[in-house]
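Let us take a friendly walk through a protein model, one stop at a time. Keep the picture open and find each residue as we come to it.

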Amino acid sequence: MDASLNTLPEPDPVSVERSVCLIEKIRSACEASGGWIPFSVFMEMALYEPMLGYYSGGLQKFGEQGDFITSPEVSPLFGQCVARQTAEILLNIDDENDRNIIEFGAGSGALAADILLALEHMGILPEKYYILELSAELKARQHTTLTEEAGHLIERVQWLDELSVAAKNAVVIANEVLDAMPVECFRVTESGTQTLKIGFEEGSLVSRYLSADNALDEKLRQIENRSEVEFSEPYSSELNPCLQGWLAAIADSLETMVLLVIDYGYNEKEYYHPDRSEGTLMCYYRHRAHDDFLFYPGLQDITAFVNFTDLAYAASESGLMVSGYTTQAAFLLASGLSELHASQVTEDPQTQIRLSQQIKTLTLPSEMGERFKVIALTKNYDEPLSGFAMLDLRNRL
C-alpha cells in the first residue's frame, strides 16, 4: 500500500455511504460469479456503475476542486490546436452537409466549446457535434459549459448514450478516454501467469492473483513475439481487453473518419519495459496519486497508461489505418500553437505569464508534452495530417 494513503483526506459521510452502496453491489457480483470477479469488472463498476461509479455519480472530477486537470482545462489553446487539425479534415470531406464531430467522454465540455468557437472563427463549423457521454452529471455540466461559453452554437450539439448516428463522415475525438477503460491486471511468475481478481472476505473487498486462462497466456506470447518483449519474473502489468470492440464499433458506424486519440501512454516496448515491472495502474483522489484501488470505490479515479502499439494492432484488425503518431508537444506545435500564442499577446504581464505557464504545461517533457501522445486512425481518408508533420513516430509503434 502506498504511504501517501496516510495523507488522503477522508470523504464526507454522504460520499462514504455512496461508496458503501457500491461495495455492496460489487459484493453481489462476486457472489454471483462464484466468489471472484476479474479486475476489469471491478474497475468498470467502480468507474461506471449507474449513480454510484466515479464517472456516473455527481462528484467534481475536473479542475482544481476535482481529482485531476486535463489539457482542455489547462488552456483553451489546446482545443484551438485540435480545432485546426479538425478543420483540415472537415474541409477534405466532400459532402459539405455531412461533416461532423464525435467526441467520446467530453469531460467538463471545455474542449467541445473551444473547438466549436475556433471552427466558427475559421468558418468551418460541423453539421453536428455529437458527444457520447454515459454520465448524466457530466452531460449536465457539459451543457452548462457549452451554454455559457458557446451558447449560440448549442443547437449543433447532440448528446448520445450510445454510438448511433445518422452521420457517415466524422472526425472522432477521444481525449483521455482510453486511460479510463477497464483493464485486466496480470502477473508473470515462476509458476505461471496469474490474473488479478476481486473478492469479498470478512466484510471487506480483497484482491488476489489467481491462475490465468489460456487466452491471457496467448495474448502475452503475442506481445512478446511482435514487440520483442520479455516478461521477467516476477512482472506485473495490465492490458486493455476493450480496444478491439471499441474500435470496431466506431469503424462500422462511419464511412469516412479520422479518429484522434490523445492520452498518456507508451509504445509496447516501453510499456512492458523491464524497469516498469509494477505496471502503470494508478488511483487519483483529490489530486493525490496512490495505488490502493480498493480505497472507497466510486470516489476515486482508477486509470492505466495506454499501450499505443496494441491500439495500432487493434485498429488494423478493425480495418483502420494508422496515419500518424506523435507526442502531444509536437502535435500542438505542428497545429499552430506558437502562432495562436502570438495572436494572444497582450501588454498585461499577468496574462503573458499565465499563457506561458499554460504552454509549458502542455508541451514540456516534464509535464504533458511527451507523456501524452496523439495517434490518428483513419478510414477512407488518405490526405496528410498536418498535426503529425513535425514529428511522426509510427516507426516506433
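Leu 333 is partly exposed, with a relative accessible area of 36%. In this text, buried means under 20% relative accessible area, exposed means over 50%, and partly exposed lies in between (1.4 Å probe, protein chains only). Leu 333 sits in helix α11, residues 328-334. Helices (H or I, at least four residues) and strands (E, at least two) are DSSP runs, numbered from the N terminus. Together with Met 390 and Leu 391, Leu 333 forms a nonpolar patch on the surface, and the three have about 250 Å² of accessible area together. A patch is made of residues with over 30% relative accessible area and no salt bridge; like charges are joined within 9 Å, and nonpolar side chains (Val, Leu, Ile, Met, Phe, Trp, Tyr) within 5 Å. Accessible areas come from the Shrake-Rupley method with a 1.4 Å probe, and for residues only the protein chains shown count as cover.

Before going on, a word on what you are looking at. This is a predicted model, in which local features need pLDDT of at least 70 and side-chain atom pairs count only at pLDDT 80 or more, while totals for chains, interfaces and linings use all residues. Residues are numbered from 1 along each chain as its sequence is written, and side-chain values use heavy atoms, with hydrogens and water left out.

Another kind of surface patch carries charge. Asp 94, Asp 95, Glu 96 and Glu 127 gather in a patch of negative charge. Here Lys and Arg count as positive and Asp and Glu as negative, while His and the chain ends are not counted; the place of a charge is taken as NZ of Lys, CZ of Arg, CG of Asp or CD of Glu. Look for Glu 96 in the loop between α4 (76-91) and β2 (100-104). Glu 96 is exposed, at 57% relative accessible area.

Now for charges that meet. Side chains of opposite charge can pair when their charged atoms come close. A salt bridge is a side-chain nitrogen of Lys or Arg within 4 Å of a carboxyl oxygen of Asp or Glu. How many salt bridges are there by this rule? The count comes to twelve. One of them joins Arg 84 and Glu 339, whose closest N and O atoms are 3.2 Å apart. This pair links distant parts of the chain: Arg 84 belongs to helix α4 and Glu 339 to helix α12 (residues 337-343), 255 residues apart. Arg 84 is partly exposed at 27% relative accessibility, whereas Glu 339 is exposed at 52%.

Arg 221 and Glu 224 meet at 2.7 Å, N to O. Lys 219, Arg 226, Glu 268 and Asp 310 are linked in a network of salt bridges.

Asp 310 leads us to helix α10, where Asp 310 is among the buried residues. This helix, residues 308-317, is mostly covered, with seven of its ten residues buried. Asn 307 caps the N-terminal end of α10, with a side-chain oxygen 3.1 Å from the backbone nitrogen of Thr 309. After α10 comes Gly 319, whose phi is positive, near 85°.

What about a charge that is buried without a partner? Glu 133 is buried yet has no salt bridge, and the nearest side chain of opposite charge, Lys 139, is 7.5 Å away. Still, a polar atom of the Glu 133 side chain lies 3.2 Å from the backbone nitrogen of Ser 135. Asp 301, in strand β13 (residues 301-303), is buried as well, at 3% relative accessible area. Its side chain makes a polar contact with that of Tyr 55, at 3.1 Å. A polar contact is a pair of N or O atoms within 3.5 Å; within protein, one must be able to donate a hydrogen and the other to accept it, and residues adjacent in sequence count only if both atoms are side-chain atoms.

We finish with the backbone. Most residues other than glycine have a negative phi, and most peptide bonds are trans. Met 51, however, has a positive phi near 70°, and His 287 has one near 65°. A cis peptide bond joins Glu 233 and Pro 234, with omega about -5°.
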